[in-house]
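Dear colleague,

Please find below the structure that I am handing over to you, with its sequence. My findings follow it, arranged by topic.

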Amino acid sequence: MDVLSGPLVDRTLFLLAEGYAWLPNRMRRAAGPVVRTRILGRPALALRGPQAVRFFYDERNVHRHGAIPELVLATLFGHEGVHTLDGAAHRARKSLFLPLLEPGRVASLVDQVTAAWDEAVPEWARRGSIVLFDEASTVLATGVHRWAGIPLGDDGAAAAARDMIAMVDGFATAGPRHLRARRARARQERRLGRLVRDARSGEVTAEADSVLDLVCRHRDADGEPLDDKTAAVELLNVVRPTTAVAWFVAFTAHALHRWPEHREALVGGDPRYAAAFAHEVRRFYPFAPFLGGLAARDLYWRGEWVPAGGLVVLDVYGQNHDEALWGDPYAFRPQRFLERPVDRDELIPQGGGDPAAGHRCPGEGITVGVLEALATRVARMEYTVPEQNLTIPLNRVPTRPRSGVVLAGVRQGRPVPVRP
C-alpha cells in the first residue's frame with residue numbers, strides 16, 4: 001500500500017496488464033476516490049469524481065505541456081498539436097476548432113456521414129456479411145473528409161480509414177500495433193502537409209470556410225500561421241477522432257444485440273431517446289481509460305499529494321462506472337439520461353471541464369450527433385448476428401468486440417425519419 005512517507009512502487013506493468021480495470025481496482029482497494037502511485041517512473045496522484053474533474057482541469061493545478069508521452073504524440077495526437085498546449089497558446093489554437101461545434105456545422109457533418117452510410121448499405125447487402133467496425137470507419141472517413149473539404153486522393157476512404165483507426169488502436173501499446181500507428185501517422189501527415197502547401201500556393205482550391213480553409217488561415221497566439229506540418233496535425237485532429245466514432249458504432253450494435261429491448265425506442269425516432277442512448281453507449285463501454293497531466297506545483301487532494309512535475313491522472317473509466325454517480329453502473333440503461341439532468345463533470349468519456357476554455361475534447365458534440373444518427377440507422381437495419389466472439393477484453397486499450405461485430409444478410413430496413 002502506498003503511504004505518504006513510504007516509497008512508491010512503479011505500477012506501469014500492472015497498468016499495461018490490467019488495462020481499464022487497473023485504476024478502478026486500485027481505488028477500490030484504497031477505499032476512496034484517490035490513490036498515490038508511480039507511473040512511468042514518476043510519482044502520480046489518481047483522482048475520480050466531479051470535484052476531481054474541476055481540480056484536474058484547473059490550469060493552476062495541472063498542465064498538459066510535456067505530460068503526453070512520446071509514444072502517444074507519435075501516434076494519436078501528433079507533435080505541436082492542440083493537446084500539447086496550455087494557457088493562451090491553448091486557447092488561441094482551440095479557437096480554430098470551436099466554430100466547428102456550431103449546430104449548423106455539426107448538422108452538416110451528420111448529413112455527410114449519414115449520406116455516406118446510406119450509400120454504403122446497398123453494397124453491404126450484396127455481400128454475405130460485413131464487419132461493422134471496418135465498414136463504419138470507412139463511412140465515417142468518407143463523410144468527414146467531404147465535410148472538411150479534404151480530397152481523399154487515389155487511395156480512397158478505406159485506406160484513409162485504416163490509417164485513422166491504426167493511429168488510435170496503437171497509441172497505448174508497444175509492438176506491431178504501435179509501429180502500424182507510427183507509420184499511419186507519418187503517411188497521413190505527409191498527405192495532409194502536401195495538401196496544405198498546395199492550398200496555400202493556389203494549386204488546390206480550399207472551399208471558403210471549410211475546415212481545410214480555416215486551418216490554412218489560422219494564426220496562433222503569436223500572430224503566426226501554422227507551419228505545414230502542424231496544420232496537417234490539426235487536420236488529423238478533426239478527421240481522426242471522427243473516424244474513431246467507429247468504436248461507438250460497433251458498441252451500439254453490441255448493445256442492441258445484448259439488449260434488443262432498446263431497439264424499438266430508437267426506431268421510433270425520438271431524438272431525446274437517441275441522445276440518451278448515445279450517452280449511455282459512451283458511458284457504459286470502455287474507450288479512454290484515464291487522462292493525465294503534470295502537477296503545476298505541489299498538489300494536495302483529499303489528504304494525498306503529488307510533487308510539482310508529478311503525474312495527475314483522472315480516472316475516466318472508473319468515474320463512468322462509479323456507483324455513487326450512476327447507481328447501477330454496470331447495467332446498460334439509456335433511460336438514466338432521461339430521468340435527471342447529468343452534470344457536465346459527471347459524464348466524462350471525452351474529458352471534463354469547459355470545452356470552450358479547457359482541454360475537454362471540442363469534438364464531443366460531433367461524436368454525440370454522429371452517434372445519435374448512426375445508432376438510429378443500425379436499429380432500423382435488418383440483419384442477423386452469426387456466431388462470433390463478441391467479448392470485449394478490458395486488458396486491451398483501446399478495446400472493442402473481438403470480432404468487430406459481424407453482421408450477415410444486411411438490408412436497409414425501415415426508412416429513417418427526415419430531420420426537420
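**Helix H4 and its surroundings**

Helices H4 and H9 lie oblique to each other. Please note that the model is a predicted one. The axes of H4 and H9 come within 8 Å and cross at roughly 55°, and the crossing is left-handed. An angle under 35 degrees would count as roughly parallel and one of 65 to 115 as roughly perpendicular; the value for H4 and H9 is therefore classed as oblique.

On the H4 side, the contact is made by Glu70, Leu71, Leu73, Ala74, Thr75, Leu76 and Phe77, which meet His178, Ala181, Arg182 and Arg185 in H9. By residue class, this contact of H4 with H9 divides into six nonpolar, two polar and three charged residues.

H4 spans residues 70–77, and because six of its eight residues are buried, the helix is largely enclosed by the rest of the structure. The buried residues are Val72, Leu73, Ala74, Thr75, Leu76 and Phe77. Their cover includes H9 together with helix H8 (156–169) and helix H11 (228–243). Directly after H4 comes Gly78, with a positive phi near 85°.

**Packing of H14 and H18**

Two packed helices are described by the angle between their axes and the distance between the axes. For helix H14 (residues 271–284) and helix H18 (residues 364–380), the angle is about 110° and the axes are 9 Å apart. H14 is therefore roughly perpendicular to H18. The crossing of this pair is right-handed.

The residues of H14 in this contact are Ala274, Ala275, Phe277, Ala278, His279, Val281 and Arg282; in H18 they meet Glu364, Thr367, Val368, Leu371, Glu372, Ala375 and Thr376. The residues of the contact of H14 with H18 comprise eight nonpolar, three polar and three charged.

Strands of a sheet pair through backbone hydrogen bonds, either parallel or antiparallel. In this model, five strands form an open sheet in the order S1-S2-S8-S5-S3, and the pairing is mixed. S1 and strand S3 (62–63) stand at the edges; each has a single partner strand, so one side of each is left without a neighbour in the sheet. Helix H2 (residues 22–30) packs on the sheet and touches S1, S2 and S8, its direction making about 130° with that of S1.

Strand S1 (residues 34–39) pairs with S2 in the antiparallel sense over six bridges. Within this pairing, Val35 has Ala46 in S2 as its bridge partner, and Ile39 stands opposite Arg42 in S2. With S8 (residues 311–314), S2 pairs in the parallel sense over four bridges; there, Leu47 has Leu314 in S8 as its bridge partner. Strand S2 (residues 42–47) is mostly covered, with five of its six residues buried.

S1 and S2 also form a hairpin, with two residues between them. Leu40 belongs to that turn and has a positive phi of about 50°.

Most residues other than glycine have a negative phi, and most peptide bonds are trans. The following residues depart from that pattern in the model.

- Leu40, in the loop between S1 and S2, is a residue other than glycine with a positive phi, near 50°. Leu40 counts as exposed because its relative accessibility is 60%, where the cut-off is over 50%.
- Asp209, found in the loop between helix H9 (176–201) and helix H10 (211–217), likewise has a positive phi, near 70°, in a residue other than glycine. Asp209 counts as partly exposed because its relative accessibility is 41%.
- Val397 and Pro398 are joined by a cis peptide bond, with omega about -10°. Pro398 is found in the loop between strand S9 (382–384) and strand S10 (406–411).

H4 and H9 are oblique to each other and their crossing is left-handed. H14 is roughly perpendicular to H18, and the crossing of H14 and H18 is right-handed.

With kind regards

Key
Residues are numbered from 1 along each chain as its sequence is written. This is a predicted model: local features need pLDDT of at least 70, side-chain atom pairs count only at pLDDT 80 or more; totals for chains, interfaces and linings use all residues. Side-chain values use heavy atoms; hydrogens and water are left out. Buried means under 20% relative accessible area, exposed over 50%, partly exposed in between (1.4 Å probe, protein chains only). Two strands pair if DSSP finds at least two bridges between them. Axes are lines fitted to C-alpha atoms, for helices over the stretch in contact, and angles run from 0 to 180 degrees between N-to-C directions. Angles under 35 degrees count as roughly parallel, over 145 as roughly antiparallel, 65 to 115 as roughly perpendicular and the rest as oblique. A crossing is left-handed if the near helix is turned anticlockwise from the far one by less than a right angle, and right-handed if clockwise. Contact means heavy atoms within 4.5 Å. Ala, Val, Leu, Ile, Met, Phe, Trp, Tyr, Cys and Pro count as nonpolar, Asp, Glu, Lys and Arg as charged, and the others, Gly among them, as polar.
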